[in-house]
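Here are my notes on the model, point by point. Please read them with the structure open.

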Amino acid sequence: KSQAQCFLVLHDCLSSRMNLNYLVTLVQAFQSGNLAAFDRCLLQYMEPLVRGGFYLQLEKLRLAVLRNLMKHAYECNGCKPQMKLSVASAALKAAGQPDDNLTVQALMSNLIAKGHLKGFMSLQHDCVVLRKEDPFRQNE
């Protein structure tokens, strides 16, 4: 199962059995690509998450939240196979994240390297060239 699927199963089990309703916020942030809400919730509930042994797994899931944010930016940009880094930068800025050019390049490169994003960086054209079919496929 992918990390996202494990997270959703974990959410269903724990939120109902152990009164961990804050997981609802994490799931909503994950699905919407809301990095700020995801980070805020991780920080706010760090102690119980560490005690439960879930914090590190949720921290690893942050890259998938970033992928979802970039997927929303891609869709807002008309699903064009070339996504300008300025579009990614605007999405990061809206999410309250650093949006300087080097940070955007590093984040997009990490998404590509980890398999969250199918495509390649074109620094000459200041864009990410995405695969035409399913560029945001979730990892298996």
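1. Helix H3 is covered on several sides of the topic at hand: its buried residues. What covers them includes helix H2 (22-32), helix H4 (46-52), helix H5 (55-60), helix H6 (62-76) and helix H7 (85-94). Contact here means heavy atoms within 4.5 Å. Helices are DSSP runs (H or I, at least four residues) and strands likewise (E, at least two), numbered from the N terminus.2. The model is predicted: local features need pLDDT of at least 70, side-chain atom pairs count only at pLDDT 80 or more, and totals for chains, interfaces and linings use all residues. Residues are numbered from 1 along each chain as its sequence is written, and side-chain values use heavy atoms, with hydrogens and water left out.

3. The buried residues of H3 (residues 35-44) are Leu35, Ala37, Phe38, Cys41 and Leu42. They line one face of the helix, because seen down the axis they fall within an arc of 165°. That arc is taken from the directions from the helix axis to the C-beta atoms. On the other side of H3, Arg40, Leu43 and Gln44 are exposed. Buried means under 20% relative accessible area, exposed over 50%, and partly exposed in between (1.4 Å probe, protein chains only).

4. Asparagine 34 caps the N-terminal end of H3. One of its side-chain oxygens lies 3.3 Å from the backbone nitrogen of alanine 36.

5. Look at arginine 62, in helix H6. Its side chain makes a polar contact of 2.9 Å with the side chain of aspartate 39. Another, of 3.0 Å, joins it to the side chain of glutamine 97. A polar contact is a pair of N or O atoms within 3.5 Å; within protein, one must be able to donate a hydrogen and the other to accept it, and residues adjacent in sequence count only if both atoms are side-chain atoms. Leaving aside neighbours within four places in sequence, arginine 62 is in contact with Leu35, Phe38, Asp39 and Gln97.

6. The largest nonpolar core has 36 residues. Leu66, Leu69, Met70, Met83 and Met108 have the most contacts inside it. Two or more residues each come from H2, H3, H5, H6, H7, helix H8 (101-113) and strand S3 (127-130). H6 gives the largest share, 8 residues. Such a core is a set of buried Ala, Val, Leu, Ile, Met, Phe, Trp, Tyr and Cys residues joined through side-chain atoms within 4.5 Å.

7. Tyrosine 74 also deserves a check. The residue lies in helix H6 and is buried, with a relative accessible area of 9%. Not counting residues up to four places away in sequence, tyrosine 74 touches Cys79, Lys80, Met83, Leu130, Pro135 and Phe136. Tyrosine 74 and leucine 130 are 56 residues apart in sequence and 9.7 Å apart in space, C-alpha to C-alpha.
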